[in-house]
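Please read the following report with the sequence and the model side by side.

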Amino acid sequence: MNNFKVSYKSVNIDGVNVFYREAGEKSKPAILLLGGFPSSSITFRNLIEELKGDYHLIAPDYPGFGNSDAPSPNEYEYSFKNITDTIEKFVDQIGLKGFNLYAFDYGGPVGFRLASKRPELIQSLIIQNANAYTEGIGEGFAAAMLFLQNRNEET
Amino acid sequence: MTLEGIKVFYFTGAENADLISPDAYLSDLQNLSKPGLVDIHLNLLHNYSSNVAEYLVWQNYFRTHQPKTLLVWGKNDPFFPEAAAKAFLTDLPDAELHLYNTSHFALEEYHEAIANNIKSFLN
């Protein structure tokens with residue numbers, strides 16, 4: 001029964017405490033759950049309940065998200081590449097040798113970078129509202145990007 | 001980031017607003033209200049253009065490795081709409097696609113159905 005509870009843990013990656021939710025038996029197929037903005041691993045709370053009897057589920061919070069540490073931008077580079085490096089080290093440190101990747105929102109840019117670099121880790125992709133194509137950028141997102149671009153030019 | 005701003009992601013395109021639990025968005029508000037978090041998230045959002053520059057790399061990964069793929073999608077998402085889901089089929093023509101009548105946060109309304117999709121897909 002114990003294996004069917006959800007654990008709330010953290011590991012230290014280069015001085016940053018990375019929080020993660022973990023559930024299910026380690027002998028079962030693994031699913032790495034990567035979420036996005038403006039949320040955290042809490043996105044997966046219901047899905048974990050549904051799947052924890054059949055899979056080993058791992059849902060980390062990126063630095064600056066959820067319950068992970070949020071070092072200042074002077075101490076940690078908040079780029080998608082650097083967050084991917086942190087998640088790659090996280091995966092290696094907790095001993096995941098292969099997993100099904102659930103990529104939601106920012107989980108796309110992080111997960112697809114990791115998959116391109118370490119394809120041997122990826123058993124399958126489960127993609128939900130994440131993007132990898134120019135034609136996939138919706139009006140809502142384009143407006144936000146334009147706003148940021150203008151904001152940058154003004155400052 | 002205001003509560004109203006966060007709720008846009010959860011409610012725009014949702015099928016039934018009564019099915020959106022406040023648990024997630026209130027937790028998001030609490031997390032984003034910590035000192036320095038707005039700056040961190042603007043930094044990261046500004047870095048999003050680095051992803052657009054990587055699209056061809058990822059598309060090449062999809063095309064050459066052909067990972068088994070399941071697409072589950074809130075089709076009313078204004079950020080990454082239905083067209084974003086269908087674009088993956090260009091390089092992953094065997095991918096399985098399920099569209100749901102909901103928002104960006106599709107798991108809020110459709111976690112049971114998506115869990116069932118995952119179980120069938122991984123079996």
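## A loop residue at the chain boundary

Leaving aside residues up to four places away in sequence, A:Thr43 touches A:Phe104 together with B:Phe105, B:Leu107 and B:Glu108. The model is a predicted one, and within it A:Thr43 is found in the loop between β3 and α1 (45-51) of chain A. A:Thr43 has a relative accessible area of 2% and is therefore buried, and its side chain is joined to that of A:Ser39 by a polar contact of 3.3 Å.

## The interface of the two chains

The contacts between the chains involve 66 residues of chain B and 59 residues of chain A, and the two chains bury about 5800 Å² between them, with 66% of that area on carbon and sulfur atoms. Across this interface the rule finds 24 residue pairs in polar contact, both residues being at pLDDT 80 or more. On the side of chain B that touches chain A, at least two residues each are supplied by several elements, including α1 (3-11), α2 (22-32), β1 (69-74) and α7 (106-122) of chain B. The largest share of that side, eleven residues, comes from α7(B), and its residues divide into 39 nonpolar, 17 polar and ten charged. Two salt bridges are found across the interface of chain B and chain A; B:Lys119 forms a salt bridge with A:Asp54, with 3.8 Å between the closest N and O atoms.

Strand pairing also crosses from one chain to the other, in that strand β6 (residues 122-128) of chain A and β1(B) pair in the parallel sense over three bridges, with A:Ile127 standing opposite B:Leu71 in β1(B). A:Ser124 has its place in strand β6 of chain A, and, residues up to four places away in sequence not being counted, A:Ser124 touches A:Phe99, A:Asn100 and A:Leu101 as well as B:Lys68, B:Phe121 and B:Leu122. A polar contact of 2.7 Å joins the side chains of A:Ser124 and A:Asn100. The relative accessible area of A:Ser124 is 1%, so this residue counts as buried.

## An enclosed strand in chain A

Strand β3 (residues 30-34) of chain A is largely enclosed by the rest of the structure, because five of its five residues are buried. A:Ala30, A:Leu32 and A:Leu34 point one way from β3(A), while A:Ile31 and A:Leu33 point the other way, and all are buried. β3(A) pairs with strand β4 (residues 56-60) of chain A in the parallel sense over three bridges, and A:Ile31 stands opposite A:Leu57 in β4(A).

## Salt bridges within the chains

Over all chains the count comes to 13 salt bridges by this rule. Three of those that lie within a chain are listed here.

| Pair | Closest N and O atoms |
|---|---|
| A:Lys52 and A:Glu49 | 2.9 Å |
| A:Arg118 and A:Asp92 | 3.1 Å |
| B:Asp91 and B:Arg63 | 2.9 Å |

A:Arg118 counts as buried at 17% relative accessibility, and A:Asp92 as partly exposed at 37%. Both residues belong to a network of salt bridges that also links A:Glu88, A:Lys117 and A:Glu120.

Terms used
Residues are numbered from 1 along each chain as its sequence is written. Chains are lettered from A and ligands numbered from 1 in the order in which they are written. This is a predicted model: local features need pLDDT of at least 70, side-chain atom pairs count only at pLDDT 80 or more; totals for chains, interfaces and linings use all residues. Side-chain values use heavy atoms; hydrogens and water are left out. Contact means heavy atoms within 4.5 Å. Buried area is the accessible area (1.4 Å probe) that two parts lose on being put together, summed over both. A salt bridge is a side-chain nitrogen of Lys or Arg within 4 Å of a carboxyl oxygen of Asp or Glu. A polar contact is a pair of N or O atoms within 3.5 Å; within protein, one must be able to donate a hydrogen and the other to accept it, and residues adjacent in sequence count only if both atoms are side-chain atoms. Helices (H or I, at least four residues) and strands (E, at least two) are DSSP runs, numbered from the N terminus. Ala, Val, Leu, Ile, Met, Phe, Trp, Tyr, Cys and Pro count as nonpolar, Asp, Glu, Lys and Arg as charged, and the others, Gly among them, as polar. Two strands pair if DSSP finds at least two bridges between them. Buried means under 20% relative accessible area, exposed over 50%, partly exposed in between (1.4 Å probe, protein chains only).
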